[in-house]
Amino acid sequence: MLTADSGSVLRLVEIEGRGRALVASQPLKAGQIVLQDSPIVVYSAFPLVKPQSSASYCDNCFRILFSSANVVPCPLCSHHLFCGPNCLTAATASSHSPWVCQALSHLRDCPSLFSQPLEQQVQARFLIAAYNLALVSPSDFQVLLSLQGQYSPSDAPAAEFLHSLISSVCPPPSLSISIELIAALLAKDKLNAFGLMEPISLQQDGERSVRAYGIYPKASFFNHDCLPNACRFDYLDSALDQNTDVIVRMIHDVPVGREICLSYFPVNLNYSARQKRLAEDYGFTCNCDRCKVEANWSDNETDVIDDSGTIEENEDEEIMEEDNDEQMVASEGDEVGEADFPHAYFFVRYMCNRENCWGTLAPLPPSNDVQSKMLECNVCGNLKSEEDMC
């Protein structure tokens, strides 16, 4: 049983064709927090040598470092910065142990690594963090190994290269590493890592970059749906403590027994883009209700969702409006379930209309069992009242 602060609200089950999944163990309300989860591994998403133009973040909590006044450098190297003595102390005892510091420094001096794709530098960061986890918390390392993700032959070249590199440059003490272990860890990372994003205000081109990746043992059980009924929030730069936690809130009411799903990417992506991304990154084809409808649209690869939530089409494209009228319009007073959730209703009500945001809106947590009329964007943080959507 998984629990949130409000009690036991989620249940881990096995669903045929979907694997492990989380379902509601009681009726859930819009805005309700169903999970708050802490990472067992967090690591930087930046290459080992950061671009000069990139923002600086604390190498422990990954808050943005707006001022150098309180910044504390790692005493063992000049490459890692912390937002204060407390973060430095915490990191030295866990994520930034002397071995991690030394290993990352050695990797920075490896020409062979820098001749590889940038992705392998980030994979090297992850492996150093994972090996360190095995040293400082063997139980959490076993949790990491228990997560979904199996070795794939396509992982072999990266596993072989990184095994040779780490074994020769910075082998972890008291830990036997093998190509098989590296391949298994890379598979766990690929399927379970959540991106912790840079602030949207720092983006110049509308694309949000990842500042760090975290692996969350409970949140990893959420399956994907292209019209999710929950979404995750993080408060990296605003939370006073446990700022790397992810919080999952309900978008709308669901009954007991319903599977709780997140979208693994912004909901505005069209059918072809979604299917391509899911196949390449997660190895499955999505057959959710939205995909079943959009698979029948002609030229669906050209569909986009504009900032107002309107589906734009080519002039020669037909969307079978008459056949799908009930799915596109919510009847007043009807109880809207996940299976018949109208597309247009979702986009207008639950997709942020801030330019280049594409975040998902969820109500703020209820207060004294009274549902909030304010919705928060999980990307830019903007608040929107229900009255604004009328």
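A: Gladly, and please keep in mind that this is a predicted model. Let us start with arginine 63, which is found in the loop between strand 5 (41–44) and strand 6 (72–73).

Q: What makes you say that arginine 63 has no salt bridge?
A: The nearest side chain of opposite charge is aspartate 237, and it is 6.1 Å away. A salt bridge needs a side-chain nitrogen and a carboxyl oxygen within 4 Å, so buried arginine 63 is left without a salt bridge.

Q: Which residues is arginine 63 in contact with, leaving aside its neighbours within four places in sequence?
A: Among them are Ser56, Tyr57 and Cys58, as well as Arg211, Leu236, Asp237 and Ser238. Aspartate 237 is thus on the contact list, although no salt bridge is counted for arginine 63. Contact is judged on heavy atoms within 4.5 Å.

Q: How many salt bridges are there by this rule?
A: The count comes to 9 salt bridges. One of them joins arginine 18 and glutamate 259.

Q: Why is the pair of arginine 18 and glutamate 259 called a salt bridge?
A: Their closest N and O atoms are 2.9 Å apart, and the cut-off is 4 Å, so the pair qualifies.

Q: Where do lysine 276 and glutamate 280 lie?
A: Both are in helix 8 (residues 271–282), 4 residues apart, which is about one turn of the helix. Lysine 276 has 52% relative accessibility and counts as exposed because the limit is over 50%. Glutamate 280, at 47%, counts as partly exposed.

Q: What makes arginine 277 and aspartate 281 a salt bridge?
A: Here the closest N and O atoms are 3.9 Å apart, and the rule asks for within 4 Å, so the pair is counted. These two also lie in helix 8, 4 residues apart. Arginine 277 is partly exposed at 35%, and aspartate 281 is partly exposed at 32%.

Q: Which residues are linked in a network of salt bridges?
A: Arg274, Arg290 and Glu294 are linked in this way.

Q: How many aromatic pairs are there?
A: The count comes to 9 aromatic pairs. Phenylalanine 194 and tyrosine 216 form one that is edge-to-face.

Q: Why is the pair of phenylalanine 194 and tyrosine 216 called edge-to-face?
A: The rings are 5.7 Å centre to centre, with 90 degrees between the planes. Phenylalanine 194 lies in strand 8 (residues 193–197) and tyrosine 216 in the loop between strand 9 (210–215) and strand 10 (223–224), so the pair ties together parts that are 22 residues apart in sequence. Phenylalanine 194 is buried at 13%, and tyrosine 216 is buried at 0%.

Q: Which residues form one aromatic cluster?
A: That cluster consists of Tyr345, Phe346, Phe347 and Tyr350.

Q: What makes you say that a charge sits over the ring of phenylalanine 233?
A: The charged end of arginine 249 sits over this ring, 4.0 Å from its centre. The distance limit is within 6 Å, so the value passes.

Q: How do strand 5 and strand 8 join strand 9?
A: Strand 5 and strand 9 run antiparallel and are joined by 4 bridges, with tyrosine 43 partnered by tyrosine 213 in strand 9. Strand 8 and strand 9 also run antiparallel, joined by 5 bridges, and leucine 196 stands opposite alanine 212 in strand 9. At least two bridges are needed, so both count as strand pairs.

Q: How many helices and strands are in the protein?
A: There are 11 helices and 18 strands. Of the 390 residues, 49% count as buried.

Methods
Residues numbered from 1 in each chain as written. Predicted model: local features only at pLDDT ≥ 70, side-chain atom pairs only at ≥ 80, totals over all residues. Heavy atoms only, no water. Buried < 20%, exposed > 50% of the residue type's maximum accessible area, 1.4 Å probe, protein only. Lys, Arg positive; Asp, Glu negative; His and termini not counted. Phe/Tyr/Trp six-rings, centres within 6.5 Å; stacked < 30°, edge-to-face > 60°. Lys NZ or Arg CZ within 6 Å of the ring centre and 35° of its normal.
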